[in-house]
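Here are some notes for a colleague who is meeting this structure for the first time. They are arranged as numbered points, to be read with the sequence and the model in view.

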Amino acid sequence: MYDVIIVGAGICGTSLARELSKYRLSVCCLERENDVADGTTKANSGIVHAGYDPLPGTQMAKLNVVGNAMVEQLCKDLDVPYRKNGSLVLAFDDDEMKTIQTLYERGVANGVPDLSILSGEEVAKLEPNLNPVKGALYAKSAGVVSPWELAIAQMEVAVQNGVELYLEREVNGITWNGESFAVTAAHNGETESYEARYLVNAAGVDADTIESFINEPPYHTKPNKGQYYLLDKSQGNLVHTVVFQCPSKLGKGVLVSPTAHGNLIVGPDSVDQPDKDDVSVTADRLAFIRNAAARSCSKINYRDSIRNFAGIRAQSEQDEFLIHYSPVTNQMVHLANIKSPGLTSSPAIALEVVEMLQKAGLVLEEKDSYQTTRRFPRFRELSEEEKKRIIEKDPRYGRIICRCESITEGEIVAAVHSPVPATTVDAVKRRCNAGMGRCQGGFCSPRVVEIIARELHRAPESICKDKAGSYILIGKTTKGEEKA
Amino acid sequence: MFQYDLAIIGGGPAGLAAAVSAWNEGVRSIVIIERDDVTGGILNQCIHNGFGLHYFKEELTGPEYAGRFEQMVAETSIDVKKQTMVLNITPEKMIYAVNPTDGYFAISAKAIVLSMGCRERTRGAISIPGDRPSGVFTAGTAQRYVNIEGYMVGKRVVILGSGDIGLIMARRMTLEGAKVLAVVEIMPYSNGLNRNLVQCLDDYDIPLYLSHTVTDIRGKRRVEQVVVSKVDENRAPIPGTEMTFDCDTLLLSVGLIPENELTKSAGIPIDRRSNGAIVFDDMQTELEGVFACGNVLHVHDLVDFVTAESMKAGKSAAQYILYPYQHTDQPVELQNGPGVTYTVPQKLDLTAGEAKTDLFFRVNHVIHGGTITVQAEDGTVLFSRKKAHMLPAEMEKITLDKSWFVGHHTATVSIQEGANEK
Amino acid sequence: MTKELICICCPQGCRLTVSDESGELTVTGYTCKRGIEYGKTEATAPTRVITTTVAVTGSSWCRLPVKTAGGVPKSKIFDCMDAINQVTVQAPVHTGDVVLSNILETGVDVVAARTIE
C-alpha cells in the first residue's frame with residue numbers, strides 16, 4: 001500500500017513526484033510509455049511564460065506567475081538548460097498596440113514583474129532581424145527551458161529520494177473502497193494491481209480517461225495539435241528573445257524563439273483533432289507556419305531545418321486549469337486541462353496539489369536526508385581544464401559519439417545508468433542531446449544503439465528508437481554469424 | 001601541445017591522398033586526425049565495386065580503394081590519430097581536439113588540410129510530412145548497419161532519392177533478402193549513374209518513379225506505410241496521384257552536405273553555391289595555409305576525382321610549408337553563368353601555383369548538346385568545348401591554362417545550349 | 001536481333017547497341033574495348049560481380065567485405081549469396097585471400113576485400 005500513486009510522468013507528474021519525495025511517504029508513479037516525458041512534455045514550445053496571458057483572478061494566472069518565479073532556481077538545482085531571455089509580443093498596427101496594452105495591464109494585475117511596452121525602434125535595437133513593428137510588449141521574466149530535461153531531472157531526484165517509477169504501465173481501472181484505491185495497470189500483456197491511500201491523476205491528454213475510471217469528468221477534452229519547425233543552431237541567434245505575435249481573430253499567431261539548447265524553434269499552429277495520439281506533421285500546416293512566422297521575421301532560412309514535430313495539447317473548452325478533487329473522495333486529485341502555461345506553472349501546480357492532499361488528510365513529515373540537487377555531465381560545457389580532468393578519470397569522455405553536438409560516450413553511458421535509465425535511442429537523446437543536431441543521429445545512432453545494448457546486456461535488435469515497438473534493427477544480415 | 005608542419009583533418013579518401021601527396025613532396029611532419037576507429041572514411045562501408053577506374057585503372061571496392069592508400073600511409077612515418085575529434089580550429093591554425101588517450105589537447109600546424117567529408121541530408125531538412133516512427137533511415141546510416149555492423153534494418157523498403165547511394169542500397173537490401181518496392185525521385189531524371197540504374201534497379205526489377213516524392217509516412221511506432229505522389233513541374237505533389245506502399249522502412253538518399261562547421265569556426269569564407277570553402281586553384285582557402293579538398297569542399301560522385309583534388313591540395317600544402325608563398329590579392333574570380341551551379345576553384349591566382357588547373361563544375365539541369373564556355377568580363381571567349389550530354393548528377397571537369405586569363409579579373413563559366421546538336 | 005544496353009563497366013555508362021546479324025555479334029556505341037566485351041556477354045550470358053560481407057571472428061570487426069573475383073552468371077546471384085552467407089572467416093585475413101573458392105562451380109572465387117588483422 002502506497003501513500004500516494006501518481007498516474008503519469010509528464011511535467012506535472014514528475015514535478016509532483018519530486019515535491020512529494022521531500023516527505024516521509026511511500027510514493028509510486030505509473031507511466032504508460034517506456035520513458036518519462038514522452039507525451040506533451042517532449043513536444044511543446046518550451047517557453048517559460050511571464051504570465052500576462054491568463055485572465056486576472058484565475059488559478060492559471062496565479063500558478064503561472066508563481067511557477068515562473070520558481071523555474072530559475074529549480075533549473076539551477078537540477079542542472080537543466082534554461083535561459084531567461086525575455087519575450088516580446090509584437091504589434092504591427094494600432095489595433096495590435098491596443099492588444100499589447102491590454103496584455104500589459106493584465107500582466108500588471110497578475111503581478112508579472114519587469115513588463116514594459118517598447119517602441120518600434122527599441123524593438124529593432126533589441127531584435128535587428130525582425131521585420132519592422134509598431135511596438136511590442138517586453139516581458140523580461142519570460143524564458144526558455146528544456147521541458148523534457150526538467151521532467152527527467154525531477155524524476156531522477158524523486159527516484160533518488162525513494163519514489164518508485166514504473167514504466168510501461170497503462171492504468172486501465174481504479175476502484176475506491178472508501179479508504180484506499182486499487183489501481184490496475186497493463187504491463188507486458190498482464191494486469192498488475194497497485195494500492196494507495198491517495199491518488200493523483202496527472203495523465204495529460206488522457207486525464208479524462210483516468211478520471212472516468214472514478215467519476216464523470218466535468219469537462220470535455222478536445223485534443224489540439226501544434227506543429228513545429230526546429231532549425232539548426234546556425235539559426236539560433238536570429239532572435240534572442242521569445243518572439244510572439246498578438247493574439248487576434250485569426251488565431252494566436254506563431255512564435256519564433258531560440259530554444260534552451262540554442263536552436264531556433266518556429267511554430268506552433270493550433271488545430272483540433274479527434275485523435276490523442278496523432279502527432280503527424282502535414283505539409284499544409286508547415287506551410288501555414290512558415291507564412292505566419294514570416295510576418296515576424298522574413299530571414300528564417302528553412303534550409304537549416306533539422307526536424308519537424310508536433311505535440312498534442314491537453315485542453316478542453318475552459319480557459320482555466322481544472323485542478324480538482326474527485327467528487328467521490330478528496331483523496332484523489334485530478335489535474336486536467338493543463339495546457340499552456342502548464343509547463344511554467346508545473347512547479348507551482350505541484351505545491352498546490354501537495355496542499356490539497358494535505359487538506360485531504362495526507363500527513364507530511366519532512367525527511368531528514370533529502371537530496372535537492374542533481375547534476376548531469378555535459379562535456380562540451382566544461383572548461384579546458386575540466387575536459388582534461390574528466391577524460392583522465394574516464395577516457396570514455398574523450399570519445400565523441402555525436403559529432404554535431406559533441407556528445408561523448410561518457411555522457412551516453414551516464415544517461416543509460418542514470419536514476420531514470422535511458423533504454424532507447426530517443427531517451428538517450430533527451431538526456432544528453434546525442435542525435436539532436438543537424439545530422440539527426442545519422443552518424444551516431446548506430447553507435448548509440450551499440451552502447452545501450454552493451455551497457456544493458458541486451459541484443460541490439462531489442463533496442464527501440466522511442467516508444468515500445470519502434471524497433472530499429474530486424475536481425476543479423478546472414479546466418480554465417482550464428483555459427484560463430 | 002603537439003606541433004606538426006601539416007595537420008590533416010579527416011582520414012577518409014581525401015585526407016589519406018593529401019597526406020601521401022604532401023609526404024611525396026618532402027614534408028616529414030604530418031598528422032592525420034581521424035574521428036573514427038579506422039581511417040578510410042565512408043569507403044569502409046561502400047563495399048560495392050566501381051572505385052579506382054581512373055586512378056588505379058582497375059575496378060576496386062571501397063575498402064580496397066581505401067586499403068591502397070592506407071598502405072601508402074603505413075609506409076611513411078605520418079602520424080595517424082584515430083578516435084580523435086577536432087572540436088575547434090582557430091584562424092591562427094591551432095587545432096583543439098579530444099580523444100580517449102591524449103585527452104583534450106591542442107595541435108599547432110604550419111598548414112592544415114580540411115578533409116572532413118560530408119553528411120547526409122535528413123528527413124528534417126526536407127520536411128517530409130507524416131508520423132515519426134522508427135524505420136526512416138538515411139541510406140548511409142542503413143549502409144553502416146548492414147555492411148559494418150551486420151544488421152538488417154527492414155524487410156519491405158521504399159527508397160526516396162535516386163542518387164548513387166540510394167541505388168546501391170536498393171541492390172544491397174535486395175541481396176540481403178529485403179523487398180525493395182520502389183525508388184522514388186522528385187526530379188524528372190535520376191541523380192545516379194546510368195550503370196547503377198542498370199545493375200542496381202533493372203537487374204532486380206525494382207521500379208523507379210521519376211517526378212514522384214514521398215508525401216506521407218504512416219506508423220506510430222515503426223513505419224507501416226509510405227505514400228508516394230506524382231509532382232508537377234514545380235515539384236509540388238499532385239493531389240489524386242497518391243500510391244500507398246505497405247512497408248517497414250524508408251531509406252533517404254536526398255543529398256549530401258559538406259561538413260563545414262570547423263571551417264566556419266576558423267572564420268573561413270564559404271561559397272553558398274558549393275557549400276564548401278572558397279578556394280584558389282591550389283585548393284587553398286581564403287585563410288592562408290589552410291587547404292580544403294574532397295567532399296568537404298564540394299560533393300563528388302567519384303572517389304577518383306576526390307583523390308586527384310586531394311593530391312593537389314596535399315602538394316600545395318607541401319609547397320606552402322617548404323617554400324612559403326602568399327596569394328595575390330587580385331585573383332581572377334570565376335563566376336557561374338547560365339546552366340552552371342557552381343565552380344571549384346572559385347579563384348585563380350596567376351602569380352602562384354601551376355600553369356594549368358582543373359576546373360570542376362556542375363550543370364543545373366539535364367543538357368543534351370551544349371557548349372561549355374569560359375568568358376572573360378570583356379566578352380573574350382577563353383575556352384569553349386562542345387559536349388553531348390551533361391547531367392547535374394555528374395560533375396564536369398575541364399582543364400584551363402592560367403595564361404589565358406592574363407589581363408582579366410573575372411571569368412564566367414556557362415553552357416550554351418541547343419545550337420550544337422551532335 | 002538488336003539490343004540497346006548501357007555499359008556498366010565504368011561510370012561513363014556508354015549506350016551500346018548489340019546486333020546479331022549473320023550469326024556474329026557486333027557492338028557499337030562503346031568508347032573503350034571493355035564495352036565490346038560487356039556488350040557481347042550481356043547479350044548472351046550476362047554476369048555480375050557480387051559484393052557482400054561475411055561473418056568474421058577474432059576481430060573487433062564483425063563483417064568482412066568480400067567480392068567475387070570475376071562475374072558470376074546473373075541468374076545465380078541469389079544462389080551465390082546463399083553460399084556466401086554460410087561462410088565465417090577467422091581473422092587475420094588479407095585483401096585478396098580466397099574465402100570461398102570456385103563458388104557454385106562457376107570457376108570464380110570469392111575473395112576478401114579488406115585486411116583485418
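**Notes on two interfaces**

1. The model is a predicted one, and the distance should be read with the cut-off in mind, because a salt bridge here requires the nitrogen to lie within 4 Å of the carboxyl oxygen. Across the interface of chain A and chain B the rule finds three salt bridges, and it also finds 16 residue pairs in polar contact, both residues of each pair being at pLDDT 80 or more.

2. As for which parts of chain A take part, α7 (283–296), β18 (305–313), α9 (384–393), α12 (445–456) and β23 (475–476) each supply at least two residues of the side that touches chain B. Of the elements of chain A, β18(A) gives the most to this side, with six residues. Sorted by class, the side of chain A that touches chain B has 24 nonpolar, 15 polar and 18 charged residues.

3. The overall extent of this interface can be stated in two ways. By contacts, 57 residues of chain A meet 46 residues of chain B; by area, the two chains bury about 4200 Å² between them, and 56% of that is on carbon and sulfur atoms.

4. Within β11(B), Y151(B) is the bridge partner of K476(A).

5. Turning to chain A by itself, the chain is divided into domain 1 (2–40 + 148–220 + 319–359), domain 2 (81–144 + 222–315) and domain 3 (379–483). The centres of domain 2 and domain 3 of chain A, taken over C-alpha atoms, are 33 Å apart, and five residues of domain 2 are in contact with eight residues of domain 3.

6. Domain 2 and domain 3 of chain A bury about 640 Å² between them, 38% of it on carbon and sulfur atoms. On the domain 2 side, H261(A), I306(A) and R307(A) lose the most area to domain 3, together making up 59% of what that side buries.

7. What polar links does the rule find across the interface of domain 2 and domain 3 of chain A? There are two salt bridges and four residue pairs in polar contact, both residues at pLDDT 80 or more. By class, the side of domain 2 that touches domain 3 has one nonpolar, one polar and three charged residues. A salt bridge is also formed by the side chains of D232(A) and R438(A), at 3.1 Å from N to O.

Note on methods. Residues numbered from 1 in each chain as written. Chains lettered and ligands numbered in written order. Predicted model: local features only at pLDDT ≥ 70, side-chain atom pairs only at ≥ 80, totals over all residues. Heavy atoms only, no water. Contact = heavy atoms within 4.5 Å. Buried area = accessible area lost by both parts, 1.4 Å probe. Polar contact = N/O pair within 3.5 Å; in protein donor to acceptor, adjacent residues only side chain to side chain. Helix = DSSP H or I, 4+ residues; strand = E, 2+ residues; numbered from the N terminus. Nonpolar A, V, L, I, M, F, W, Y, C, P; charged D, E, K, R; others polar. Pairing = 2+ DSSP bridges. Domains from an automatic or database assignment.
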